[in-house]
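Morning, everyone. Please have the structure open on your screens, and we will walk through it together.

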There are 4 protein chains.
Amino acid sequence: MARIKIINDPVYGFISIPYGIILDLIDHPYFQRLRRISQLGLSSYIYPGATHTRFHHALGAYHLMTKALSTLEAKGVLLSQEEKEAASIAILLHDLGHGPFSHVLESALIPVEHEELTLLLMEELNNEFAGKLSLAITIFKNEYHKKYLYQLVSSQLDMDRLDYLTRDSFYTGVSEGIIGYDRIIQMMNVYDNQLVIEEKALFSIEKFLTARKIMYWQVYMHKASLSSEIMLTALLKAIKSNFSEIPISSGINYFLRNQNNINNKKITYEILSHFVKLDDTDVWTLVKSVITSPNNFVSYLAKGLIDRQLLKVEIKNVQTDGDVIDKMRLQCVNLLGFTQDEAKLIIKGGTLEMSTYNQSFDEIFVNSREKALIPLSEVLDLHHFSQNRLRYFISKPKELS
Amino acid sequence: MARIKIINDPVYGFISIPYGIILDLIDHPYFQRLRRISQLGLSSYIYPGATHTRFHHALGAYHLMTKALSTLEAKGVLLSQEEKEAASIAILLHDLGHGPFSHVLESALIPVEHEELTLLLMEELNNEFAGKLSLAITIFKNEYHKKYLYQLVSSQLDMDRLDYLTRDSFYTGVSEGIIGYDRIIQMMNVYDNQLVIEEKALFSIEKFLTARKIMYWQVYMHKASLSSEIMLTALLKAIKSNFSEIPISSGINYFLRNQNNINNKKITYEILSHFVKLDDTDVWTLVKSVITSPNNFVSYLAKGLIDRQLLKVEIKNVQTDGDVIDKMRLQCVNLLGFTQDEAKLIIKGGTLEMSTYNQSFDEIFVNSREKALIPLSEVLDLHHFSQNRLRYFISKPKELS
Amino acid sequence: MARIKIINDPVYGFISIPYGIILDLIDHPYFQRLRRISQLGLSSYIYPGATHTRFHHALGAYHLMTKALSTLEAKGVLLSQEEKEAASIAILLHDLGHGPFSHVLESALIPVEHEELTLLLMEELNNEFAGKLSLAITIFKNEYHKKYLYQLVSSQLDMDRLDYLTRDSFYTGVSEGIIGYDRIIQMMNVYDNQLVIEEKALFSIEKFLTARKIMYWQVYMHKASLSSEIMLTALLKAIKSNFSEIPISSGINYFLRNQNNINNKKITYEILSHFVKLDDTDVWTLVKSVITSPNNFVSYLAKGLIDRQLLKVEIKNVQTDGDVIDKMRLQCVNLLGFTQDEAKLIIKGGTLEMSTYNQSFDEIFVNSREKALIPLSEVLDLHHFSQNRLRYFISKPKELS
Amino acid sequence: MARIKIINDPVYGFISIPYGIILDLIDHPYFQRLRRISQLGLSSYIYPGATHTRFHHALGAYHLMTKALSTLEAKGVLLSQEEKEAASIAILLHDLGHGPFSHVLESALIPVEHEELTLLLMEELNNEFAGKLSLAITIFKNEYHKKYLYQLVSSQLDMDRLDYLTRDSFYTGVSEGIIGYDRIIQMMNVYDNQLVIEEKALFSIEKFLTARKIMYWQVYMHKASLSSEIMLTALLKAIKSNFSEIPISSGINYFLRNQNNINNKKITYEILSHFVKLDDTDVWTLVKSVITSPNNFVSYLAKGLIDRQLLKVEIKNVQTDGDVIDKMRLQCVNLLGFTQDEAKLIIKGGTLEMSTYNQSFDEIFVNSREKALIPLSEVLDLHHFSQNRLRYFISKPKELS
């Protein structure tokens with residue numbers, strides 16, 4: 001009799017985990033660490049419900065993968081038990097390489113993308129589990145001949161996106177982000193080794209793209225999220241350039257101290273062994289420990305982050321003039337007593353752009369009764385999804401008029 | 001034109017916060033700290049969705065209070081603007097005195113109840129806000145003549161319970177805990193200065209009591225929650241008795257170092273000033289910092305907590321025999337190399353009891369068309385809610401057979 | 001490639017129907033007729049959302065059956081394709097014998113229980129479908145050796161109850177009636193040919209019984225539901241005893257005209273062929289056609305039903321005295337000009353009793369790690385569910401003081 | 001003490017109705033009749049959950065109106081009690097003029113638009129209620145100086161649309177149609193007597209327009225809905241041209257018999273008095289009564305409608321060629337024995353077009369911090385919402401190859 005562990009999930013009701021390799025991987029410290037990595041970084045400062053974690057997202061994406069595989073099988077796609085398990089492992093572990101606050105500190109601590117770290121950690125686990133992850137890794141690297149298995153893990157309509165849009169809109173309470181994930185999965189099929197979507201689901205796809213665009217602007221690029229990200233990055237830079245500031249000996253010190261070694265982009269085993277101990281709590285502890293720093297700039301940022309006194313961010317359709325920015329920095333130096341370099345770290349202009357759908361690469365394919373493999377851009381007017389919408393932000397201390 | 005801040009809440013949709021004292025209190029560091037106190041401590045180890053915070057619960061309870069006050073006003077209860085604001089402040093701040101992991105460490109760090117700390121912090125804020133919290137404090141202490149305002153803050157049917165049952169069942173995904181909070185509030189009224197409930201809502205009350213009982217056993221007293229609480233408490237004790245173990249200088253050190261001063265039950269301003277800096281991240285950092293401790297027992301617990309390798313807990317209808325426990329402790333000493341005293345900290349028996357409804361104190365009153373102020377116990381068969389259900393637990397390392 | 005028809009369901013998201021016998025049965029006129037039979041009769045007069053139909057309930061119960069069978073299979077219960085199909089057919093068709101307004105007119109038009117009519121119609125269909133329903137009928141009659149298949153169709157925890165409680169609470173908006181149907185199904189198992197429930201689900205069962213009790217009193221026995229039922233039954237009786245009143249020639253006439261033939265309890269093919277044409281619209285058309293009747297009593301009831309001017313119903317803990325009732329009837333005769341016999345039809349006392357759980361017959365069985373097949377009544381305090389709660393109602397025209 | 005009637009609504013939780021004119025209007029037979037008018041006509045043939053009624057929709061729109069008025073008041077818009085009541089009455093009664101199956105038979109029975117009938121019925125009620133509806137009627141006719149009150153009743157963002165999109169997506173289970181009605185309402189304001197929306201709500205508006213487009217194609221213009229509408233209209237025409245066919249004497253006969261009188265577009269009191277008795281049940285009874293008609297065409301359609309054996313409808317991007325249609329009709333005549341004229345009634349081509357947003361008339365206005373009253377088309381790319389998407393349908397009996 002197959003044993004199953006049932007986990008309550010407010011989003012999907014229940015997630016069933018079979019005993020065996022899947023449950024063993026979930027129980028592994030690498031995966032348990034994701035419990036302490038928030039999914040949306042500092043977005044809970046704007047959406048207080050959004051305290052969910054990478055751990056929960058990974059379980060959710062795994063759950064959707066099992067649904068998708070069942071649907072494909074019910075439609076006659078032949079899949080071996082090994083292939084199903086491998087695709088499930090690939091999605092379960094796809095975020096293993098995320099550092100503290102997910103994307104926020106991705107470049108600040110380690111200069112490689114989280115996908116690369118994920119792959120390194122999957123290989124570590126493959127050694128530990130005697131090669132049982134080999135096929136999962138092959139799929140994850142898109143080197144398996146059944147390309148649709150990779151597409152379920154990573155594409156413009158993968159289980160990752162379906163779960164994070166669903167889960168992020170659920171926990172933020174931004175109901176505009178809700179998508180019909182179940183209908184989209186029910187309408188998936190395979191044709192010529194490609195993941196395709198049945199024509200009936202076109203409206204669900206359109207809704208999905210609209211929801212993605214809305215979540216991007218309303219949640220992921222929210223002014224206050226940008227603000228706290230700029231603050232956190234500036235604080236880390238200020239601490240790094242002034243290392244004696246760090247009174248605590250948390251796991252994060254290794255990364256602040258060894259920037260030069262890390263920066264040569266070769267991830268050694270030593271770096272990795274420190275990475276897997278790092279999580280959000282290290283960052284919070286660091287921030288709290290420098291609140292009373294004699295360095296004015298450091299304490300300003302640390303206190304601001306802890307007490308949610310954020311920089312003011314504006315998002316505009318036009319770029320702020322360089323002169324205006326210079327004037328603000330000068331005002332900041334005079335008013336708050338920061339150095340010119342410090343002012344540059346927090347009075348910053350930048351661009352935001354988002355293409356909800358990429359027409360030039362890896363299109364979603366649609367099957368209709370008359371024709372197979374029609375690129376989505378041929379059947380839906382995607383003009384407003386695929387063009388980049390460019391916007392500009394500018395941040396400054398709220399003390400400035 | 002009144003300005004209002006709107007906060008998305010996945011549970012109620014939106015929470016409206018008026019600019020002024022309410023928003024100022026929310027923006028205060030004392031309240032912002034609640035963002036870093038999880039509502040359910042380590043329950044997210046069992047229910048991964050349950051990552052919500054005291055901050056969110058306090059906002060939710062505030063929201064329900066505004067609904068309850070509107071309902072009472074619509075039924076003709078006369079309330080001044082000042083009274084409504086004071087009742088709202090009282091519920092908003094009711095959990096200010098919670099320490100890390102909410103209830104888990106309540107006694108381990110500071111030997112007073114969180115309500116007492118709440119009151120001290122409210123008085124601090126009252127000084128800071130020039131006496132604007134005086135009426136709120138009077139209500140909170142049940143010294144105001146309109147007793148029903150206190151009952152909305154603290155009673156067997158208060159806004160606290162209505163929100164936490166709703167919110168905890170929402171975030172855990174335990175749908176059995178859902179209550180009809182809106183119907184219960186709609187059916188509230190005031191009679192003879194008492195909060196009463198209209199007879200029509202009797203079934204909602206019964207459902208509420210059932211839900212509370214279920215949440216108690218299924219969530220609050222879940223075996224794995226008990227287990228992680230025992231582990232965390234044991235770890236703190238082991239560290240305290242061996243203080244040189246603590247390599248980090250986080251806010252928690254003050255409490256570990258100054259137990260004697262704190263234990264005389266007089267909360268000084270100094271203690272309070274350290275308390276308001278303390279949150280969950282301090283505990284996590286402490287645990288992570290002792291993973292590599294040379295002390296076998298300390299590292300066993302720390303590693304177990306971080307990697308979710310928990311003690312085994314059983315809940316039974318009969319108490320485990322003292323001899324059996326002694327044998328287990330001996331086995332533990334031999335097998336894991338802990339001392340006898342250490343074994344006592346993790347191989348523990350205890351009782352769980354729960355009275356969902358207290359008939360002997362502060363009954364809920366019901367108004368029917370024929371009769372006012374009928375105690376709930378006269379109209380509902382509460383036999384199975386009011387009797388204490390006694391159960392016994394026993395914990396032990398999972399390495400023991 | 002297996003073809004599947006997907007039906008949107010606001011309650012469960014999607015219901016999947018395989019092409020073949022299941023879809024053919026759904027497409028059959030006998031089943032399509034259930035689209036015109038409301039699930040809750042006149043309850044939409046109190047809960048305007050409750051306009052759902054027997055058709056939808058039958059699909060929902062079918063959906064839960066497929067979930068339950070999958071769960072049992074995943075736990076190692078061996079089931080043939082034929083057995084799964086038969087159990088699915090049995091639950092799909094279990095309400096085929098319901099007449100207009102479901103229970104309301106059950107006895108008024110045809111003096112047999114709807115289960116008997118269901119069986120007759122299933123046998124008709126079995127002829128039509130060349131014996132393909134034989135096993136389904138065997139299960140429906142509890143004559144199959146795998147008793148648990150019958151228990152999934154009809155028991156104290158069958159798919160019928162799980163769906164109707166879920167669906168009725170969803171459509172009425174009575175959130176107190178929500179049950180954890182998915183958790184209950186996940187916790188089902190088979191032991192010794194009996195359907196059993198795992199001990200972990202005990203709280204879900206307790207919640208389910210509470211919900212059932214609440215729905216009984218708050219929805220199924222709501223005063224206004226009782227009232228409209230009494231009015232409809234009285235109207236039919238008045239029309240029957242005065243047949244020349246019926247100006248329309250709808251399908252219902254056959255039943256009003258042929259009471260004597262029908263009353264001998266032998267359901268002929270002729271009766272059945274009229275029955276399968278009968279639905280709610282026939283009753284509404286009848287009521288509307290007699291609004292302008294010269295018969296005062298008939299028009300009073302018809303107009304009342306159409307315009308929702310209902311009899312006043314009171315539910316009490318004590319029986320109304322016979323003298324009081326007599327006086328009311330006299331007052332009614334004088335005030336409204338009805339005959340004494342007519343007054344008796346609408347000024348009526350009666351009893352309501354409900355046992356949420358039956359301990360003496362067909363108990364729910366629980367499996368724990370230590371012991372199998374424990375009757376539910378041994379592990380849960382069912383005292384308040386199993387005792388009959390007796391209440392009394394009395395109806396009268398609202399014109400009476 | 002103000003008395004309030006609370007109605008459960010699965011969509012919004014509760015709807016509160018004050019005693020007085022609002023409740024009296026709801027209790028009036030004109031309004032009660034809407035209980036028997038389905039909101040979506042025959043769409044429940046595709047979405048079995050969609051059995052909701054105009055009655056419920058009208059209550060829902062009323063509920064949203066009270067929310068919108070509260071929001072405006074909280075933002076400082078001055079409204080008298082009389083104005084609030086009048087706006088509430090206007091939205092409550094806005095659908096009074098709907099005939100059976102809502103839009104389906106709008107032109108087939110009475111050649112005036114339902115808005116005109118609504119106005120006539122509101123005037124009837126105004127007489128009956130001694131002029132208490134005068135202001136409501138003024139608002140409904142857009143003759144009141146506070147234009148925004150009319151816009152809440154009828155505009156591109158009125159309470160009607162907000163409720164029907166929310167309610168229809170809820171009951172069909174088409175989650176793609178869910179809109180953020182609460183956020184949209186929270187973001188409403190008044191500027192220069194115009195209803196405006198705050199800039200923050202732009203994404204909610206975009207989602208609302210997407211949802212509307214999706215609901216149009218996926219629900220309102222679903223192939224099977226079109227099919228059943230064509231069948232019902234064809235059946236009525238066939239019966240009208242052959243009046244002796246109608247064996248029943250339901251309220252619908254008046255309209256079939258008196259087409260000439262009615263067609264002169266003057267709605268007399270006599271016509272109105274028959275109209276207010278007409279509802280869905282009359283149509284069903286008519287259809288059922290002609291199932292056994294000797295007229296082949298009539299019985300084909302009636303049986304098809306009752307048993308859900310629908311015409312086949314295809315929706316295409318190009319128009320079907322006239323020759324092809326002629327051939328199909330000929331085939332139909334030969335195969336099914338219908339006349340050429342009858343074939344024309346069911347083998348029909350037609351166009352479907354939908355503009356989700358009308359840029360040329362009555363734009364939605366947006367207020368930003370910098371600028372007031374910006375037309376929506378200036379801040380959102382509405383290209384894909386405002387252009388008409390033209391599609392073509394063709395229906396035919398499924399017996400044709």
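Let's start with a helix, α9 of chain C, residues 159-172. It has 14 residues, and at 1.5 Å a residue they should span 20 Å. The end C-alpha atoms are 20 Å apart, which agrees. Keep in mind that this is a predicted model.

Is α9(C) enclosed or open? Of its 14 residues, 13 are buried, so α9(C) is largely enclosed by the rest of the structure. To count as buried, a residue needs 20 or more other C-beta atoms within 10 Å of its own. Now look just past the end of the helix. There, G173(C) takes a positive phi of about 80 degrees.

Stay in chain C and find E83(C). It is in helix α4, residues 81-92. Buried or exposed, or in between? E83(C) has 17 C-beta neighbours inside 10 Å, so it counts as partly exposed. Next, pick T233(C). It is 150 residues from E83(C) along the chain, and their C-alpha atoms are separated by 41 Å.

On to strands. In general, strands of a sheet pair through backbone hydrogen bonds, either parallel or antiparallel. Chain C has an open sheet of three strands, in the order β5-β9-β6, and the pairing is antiparallel.

Zoom in on one pair. β5(C) and β9(C), residues 389-396, run antiparallel and are joined by five bridges.

Chain A shows both kinds of pairing. First, β3(A), residues 188-191, and β4(A), residues 194-198. Four bridges join them, and they run antiparallel. N189(A) stands opposite V196(A) in β4(A). These two strands form a hairpin with two residues between them, and in it D192(A) takes a positive phi near 55 degrees.

Now the other kind. β4(A) also pairs with β7(A), residues 365-367, in the parallel sense, over three bridges. Here V196(A) turns up again: its bridge partner in β7(A) is F365(A).

Next, two helices in chain D. α12(D), residues 223-240, and α17(D), residues 296-307, pack at an angle of about 145 degrees. Their axes are 9 Å apart. The crossing is left-handed. Which residues meet? From α12(D) they include M231(D), L232(D) and L235(D), and from α17(D) they include F297(D), V298(D) and L301(D). The residues of this contact divide into eleven nonpolar, two polar and no charged.

Last stop: where chains A and B touch. How many residues are in contact? There are 33 from chain A and 33 from chain B. On the chain A side, the elements giving two or more residues are β1 (4-9), α2 (29-32), α3 (54-74), α9 (159-172) and α16 (280-289). α16(A) gives the most, with four residues. That side of chain A divides into 13 nonpolar, 15 polar and five charged residues.

That's the tour. Thank you.

How values were computed. Residues numbered from 1 in each chain as written. Chains lettered and ligands numbered in written order. Predicted model: local features only at pLDDT ≥ 70, side-chain atom pairs only at ≥ 80, totals over all residues. Pairing = 2+ DSSP bridges. Contact = placed C-beta atoms within 7 Å. Nonpolar A, V, L, I, M, F, W, Y, C, P; charged D, E, K, R; others polar. Expected span 1.5 Å × (residues − 1). Buried ≥ 20, exposed ≤ 12 C-beta atoms within 10 Å, placed from the backbone. Axes fitted to C-alpha atoms, helices over the stretch in contact; angles between N-to-C directions. Left-handed = near helix turned anticlockwise from the far one by under 90°.
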